[in-house]
Amino acid sequence: MKVGLFVTCLVDLMRPNIGFAAIKLLEAAGCEVVVPAAQTCCGQPGYNSGDRKAAQALARKLMREFSDCDYVVLPSGSCGGMIRAHYPELLSEFPELGEEVEAFARKTYELTDFLVNVARLERVPGRFSGSITYHDACSGLRELGVKSQPRALLLKVPGLTIREMQQPEQCCGFGGTFAVKYGDISTRIADLKCEDVRSSGADALVLGDLGCMLNIEGRLRRRGDTRTRVLHVAEVLAGMDKNEGRGTRDEE
């Protein structure tokens with residue numbers, strides 16, 4: 001399978017290690033991985049802010065760049081949800097693109113969903129000595145149905161145990177521009193998530209969206225928690241998390 005990796009803006013700018021981890025996993029699954037060099041943004045920020053024309057231009061650009069790939073895979077439920085759930089409506093003003101848009105949406109997958117349901121990856125390269133708790137980011141969960149897939153893969157990691165939060169599906173308060181427009185509300189939601197993470201007793205928080213990662217990790221640190229590691233699921237599965245996969249936290 002020829003798989004195009006859409007890196008996403010945040011991964012490219014803030015934590016490129018996630019992109020390299022995604023490539024490692026896709027290659028472990030036997031895929032031919034291509035990363036179009038001119039890729040930029042899926043258009044979600046413009047779409048959410050009402051700049052429809054800019055979002056349409058970015059969507060059409062992305063579709064051209066990945067047109068010769070069998071699948072498009074993203075280490076982000078948020079961007080994946082934008083393509084799968086919103087591109088058909090966003091580009092509905094271009095009826096000549098109707099079938100192409102629908103086909104493009106169908107071949108687009110969030111990373112763990114692709115590895116489980118398309119590539120059927122049996123073994124993962126990573127190892128992790130410690131426990132993790134998993135946060136179900138809103139877009140991946142509600143727009144793409146990503147829930148069991150990351151957990152199924154994490155259970156294949158030697159040395160890793162999962163400690164579920166009380167409310168793993170509860171929003172972290174990020175929501176893109178929501179965190180900027182409604183800072184006080186966002187902070188309170190993030191505090192509730194941090195309390196849930198801490199009460200799980202896990203060594204690390206793992207999730208599949210970098211925006212949520214940055215939001216939760218930032219709030220954890222501001223609350224004085226310098227021990228709980230915050231990792232992308234691709235980093236853990238690929239064995240490319242910080243500190244060479246050692247997740248155990250010192251006892252207090």
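Helices (H or I, at least four residues) and strands (E, at least two) are DSSP runs, numbered from the N terminus. Buried means under 20% relative accessible area, exposed over 50%, and partly exposed in between, with a 1.4 Å probe and protein chains only.

This is a predicted model, in which local features need pLDDT of at least 70 and side-chain atom pairs count only at pLDDT 80 or more, while totals for chains, interfaces and linings use all residues. Residues are numbered from 1 along each chain as its sequence is written, and side-chain values use heavy atoms, with hydrogens and water left out.

I begin with helix H5. H5 covers residues 77-90, 14 residues in total, and spans 18 Å from first C-alpha to last, close to the 20 Å expected at 1.5 Å a residue; the expected span is 1.5 Å times one less than the number of residues. At Arg84 the helix bends by about 35 degrees, and Pro88 follows within four residues. The bend at a residue is the angle between axes fitted to the seven residues ending there and the seven starting there.

Which residues of H5 are buried? They are Gly77, Ser78, Cys79, Gly80, Gly81, Met82, Ile83, Tyr87 and Leu90. These pack against helix H3 (44-48), helix H4 (52-65), strand E3 (71-74), helix H6 (98-106), strand E4 (108-110) and helix H8 (138-144).

H4, one of those partners, also has 14 residues and reaches 20 Å between its end C-alphas, close to the 20 Å expected at 1.5 Å a residue. Its buried residues are Ala55, Gln56, Ala59, Leu62, Met63 and Glu65, and their cover includes H3, H5 and H6.

On a 1 Å grid over the protein atoms alone, a cavity is a set of points where a 1.4 Å probe fits but cannot get out; a pocket is an open set with protein on both sides within 12 Å along at least five of seven lines; and lining residues have an atom within 4 Å of a point. Grid points are joined across faces, edges and corners, and a volume is the space filled by probe spheres set on the points.

How many cavities of 30 Å³ or more are found? The search of the whole structure finds 1, and about 90 Å³ of space lies in the largest cavity. Its lining includes Gly77, Glu110, Tyr134 and Asp209.

The largest pocket holds about 680 Å³ of space. Of its 30 lining residues, the closest to the centre are Gln44, Ser78, Phe174, Gly175 and Gly176. Helix H1 (9-14), H3, H5, H8 and helix H12 (210-222) each supply at least two residues of that lining.

Next, a single residue. Leu154 is found in helix H9, residues 148-154, and is buried, with a relative accessible area of 0%. Leaving aside neighbours within four places in sequence, Leu154 is in contact with Ile132, Tyr134, Leu160, Ile162, Val206, Val233, Val236 and Leu237.

Finally, two backbone angles. Thr8, in the loop between strand E1 (2-5) and H1, has a positive phi near 85 degrees, although not a glycine. Thr8 is buried, at 5% relative accessible area. Arg120, in the loop between helix H7 (111-117) and strand E5 (130-134), has a positive phi of about 55 degrees and is likewise not a glycine. Arg120 counts as exposed, at 54% relative accessibility.

Notes: Contact means heavy atoms within 4.5 Å.
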